[in-house]
Amino acid sequence: MMQGFTIGRRGAIAAGLGAAAGVAAGGSAGAFERDGNRKILVFAGGQPVPVIDPHSRYDWSTRMIQQSIYDALAKYVNNPPQIVPWLAERWETSADQTVWTFHLVANAKFHNGDPVDAEAVRYSFERGLRMNKGVAWMLKDVLPPENIVAVDPRTVRFTLSRPMPSFLTFIPLWFIVNPKQVQAHVVNNDWGEAWLTGNPAGSGPFRVRRLEPQSVIHLDSVPEYWKGWPQGEQNRLSGVIYRIVREPAARRALLQRGEADIITEIPADDFEQLKGMRGIRPEDHKGLTTFAITMNTTKGPTADLNVRKAIAHAFDYDALIQIHNGAATLMTSPFPEVIPGYVAVPDMPRRNLDKAREFLAKSAHPQGGFELEYVHVQGLEDPRRIGLVLLNSLQALNIKVNIVAQPWPTMVARGAKAETAPDMVSVYVTPVAADPDVIAGKYHTRAQGNFWGMHHLTDPQISQWVDAARVEADETKRNALYAEIQKRVVELQPEIFGMLANRRWLMRDWVKGFSYCPLRLTGEVDLHPMWIDAR
Amino acid sequence: MALFVLRRLMLTGLMLFGLVVITFVVSNVAPSDPAALAAGPDATRDMVETIRREYGLDRPLPEQFVRYVGGILTGDLGRSIVTTRSVTQDLARYFPATLELVILAMGFGVLLGVPLGMMSAVLKNRAPDHATRFIAVSLVALPAFWFGILLQLFFSVQLEWLPTSGRLDIASPPPPFVTGMLLVDSLLAGEWETFGDALRHAVLPALVLSFPCLASILRVNRAEMIEVLSSDYVTAARAHGISRLRVVCVLALRNAMLPTLAIIGLRWGWMLGSTVLVETVFDWPGIGLYAVSSAIAGDFKPVMGVTLLIGVNFMIVNLIVDLLYGVLDPRLRAGA
């Protein structure tokens, strides 16, 4: 009997090893993907792309795919960012900046061969405005849909209801869809949204081959793309695969194995380890995303300006840089430096415990002795570590910190109302356009309810300046207003102004054509000029 | 028997209604504003209201509940505010991937757990038994997400034997859709290369998912086998000259399988729930991943849909287990 069992066990082990060897024999090769003679660029990121409709939603991964499928009248390129003509070959505006006229290129075509004409532009803007989703907020207050006119097949005119100097900065974010394709799929007056969610109708450098929103998006390059290929036809990619890989460790593994050519959303320590490895090239650029700890200005101890000032002067700013292994820059103003109108605000708070105690002494809590709740998004490591820095920093003022991790939806819902907003919240904000209004608006009374307005600051002076600057056509006067806004915001200290973390990608050294533009969203990359230089 | 089945079906229906009530209440008491999240950080208030109206979130909660229950009865689980698609459509897209993973994991669990449990019982308190029990305890204790990453690093990065994640190599087209389960569909299409590719991708996530189940089956089967092997009828069978192999593999195993079956039923539901972790680590596009993405975005209809689907599955499998009980144990049939 024993012998029988022994034989059985051996047999099972042999069978198991055989099965494992059989499976292993087919392991993947670990090099870039090919499609015939051409190569496929594989990009691994953690964020899905649930919707490709360009007027319905955007975030960095969604916009990267939208930018690849669709074209806009203009495009953001380079660092410092510039707006360059794209579907529009030129444009002009009236002296008061209320009438904008765009002249379209003659050769632009949608993927199905239809020309990209003024009517397509008019329809696309009308669609975005009437759907009242995604990009609509940028123009809805100044651009009634009926004020968009296709003057002739190559000219489109926008008449704004009031001057809007920032108008052009939003244009690269409005993609043009093919009205014929969209209108053929309209259901219940939905502007074709149900269809365009998962189907493309664009003129961009890539068309969709395969769309699996939770896992993979495979794009094919369009050989006859009207704008051409900057890397040359011989280097044009067959296509791009955006692969959704949620775990940073798995993204790292894919890059190391050569299964991904480029990855983003990389933990600081992983970046340090991988950047020096053979065959891997880092891209490390000063970012535009601000990190701040907003403080509730309406209730609790942080309603007291002196307490907020004391906290801001007790915080250990150098630790922010250490947490990011040096890949971050301290904010010198509420505005990032790249944004027009930026001024370095004198006396930005830095760690100075004497000053901190002075402010605290002037407050209603001169001895401290209270506890503050610090909320950060569950699962994010950096804000958690920053919470520990805060806890440590405020011990010197006899202030306790209760670090609470909450899911993003819960945190946002709590912050929407002053009564429920936590004492302190970690907040990242990425400006979507190169206009100071996008940042200044964070401190307008209207910002309350948005996640970046969790400070619930109410200052009529700031709100008035923001409103005035928004319509001021004279750039000098406008910048002067923004300078005042920046100083006033620092004076009122609704936040601990933190840092701008670098934007980082790791890629195989065969990847070429990467260009950094800070106006793209976090991990977003312009895929059009990219290629693979390897046999 | 018919009465037994009818009684079980009625109970299942009641439990499902309870599940609907609980998931609806839990989803709606959570402090979150799905419309605001879907509208995006820059959206104005009226943009948020547009989305709220479109998805019926501006209606009173009782009305939303009645509509939701009415929808369920017609197979409509509402619309995802993130994907903008019908939850039923999304589930139809993602469930086959999960089912494939769970069937594979359950296969591993049963095919390894039952024989190992038998071996452990027969070799009670000897080295193989100790080793097996040690492994079983370890497998139950290992956190799936951690163990998954560890296996990825070893088998994918270090040895380069298996892919890190996904269901197929990214540039490989999936086989023609029949069941949505790639292993089955590739076999039906005769695409052997795709079958091998799908199998390589499934090995690690299925193993990680199977380990706790394997360990439970092993332990329960061992305990039952030890008890059965020491019973009088086994001694009587041996005294009648029936071979030990036949006694162990046929007579004893049949009786020891009753509690094992119960464990399989329980573990089925547990496994469906565990796919949330395993699918996230291995980027396996199933309902677990769908539920996680939706929960992060405060999109509750898909979370409720996934919960309901898992609940239905759990109940159906347990119903089948109850029926199999009757097949294996004639006394239960008589009792029913």
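How many bridges join β7(A) to strand β8 of chain A? Four do, and β7(A) and β8 (residues 155-159) run antiparallel. This is a predicted model, in which local features need pLDDT of at least 70, side-chain atom pairs count only at pLDDT 80 or more, and totals for chains, interfaces and linings use all residues. Residues are numbered from 1 along each chain as its sequence is written, while chains are lettered from A and ligands numbered from 1 in the order in which they are written.

**A sheet and its helix**
- Four strands of chain A make an open sheet, ordered β5-β6-β8-β7, with antiparallel pairing; two strands pair if DSSP finds at least two bridges between them.
- At the edges sit β5 (88-93) and β7 (148-152) of chain A, each pairing on one side only.
- From one strand to the next, the twist averages 20°.
- Look for V149(A): its bridge partner in β8(A) is R157(A).
- Helix α3 (residues 118-131) of chain A packs on the sheet and touches β6 (99-104), β7 and β8 of chain A, its direction making about 180° with that of β7(A).
- Such angles run from 0 to 180 degrees between N-to-C directions, with axes as lines fitted to C-alpha atoms, for helices over the stretch in contact.

**Chain A as a whole**
- Chain A holds 16 helices and 22 strands; these are DSSP runs (helices H or I, at least four residues; strands E, at least two), numbered from the N terminus.
- The radius of gyration of chain A is 26 Å, close to the 24 Å that the globule rule gives for 535 residues, so chain A is as compact as a globular protein of that length. The radius is taken over C-alpha atoms, and the rule is 2.2 Å times the number of residues to the power 0.38.
- Buried residues are 49% of the 535 in chain A; buried means that 20 or more other C-beta atoms, placed from the backbone, lie within 10 Å of a residue's own.

**The nonpolar cores**
- The largest nonpolar core has 166 residues, and A72(A) and V240(A) have the most contacts inside it. A core is a set of buried Ala, Val, Leu, Ile, Met, Phe, Trp, Tyr and Cys residues joined through C-beta atoms within 7 Å.
- The element that gives the most to this core is α3(A), with seven residues.
- Another core lies apart from it, with 73 residues, including A97(B) and Y290(B).

**Where the chains meet**
- Chain B brings 54 residues to the contact and chain A brings 56; residues are in contact if their C-beta atoms, placed from the backbone, lie within 7 Å.

Conventions
Two residues are in contact if their C-beta atoms, placed from the backbone, lie within 7 Å. A residue is buried if 20 or more other C-beta atoms lie within 10 Å of its own, exposed if 12 or fewer, and partly exposed in between; C-beta atoms are placed from the backbone.
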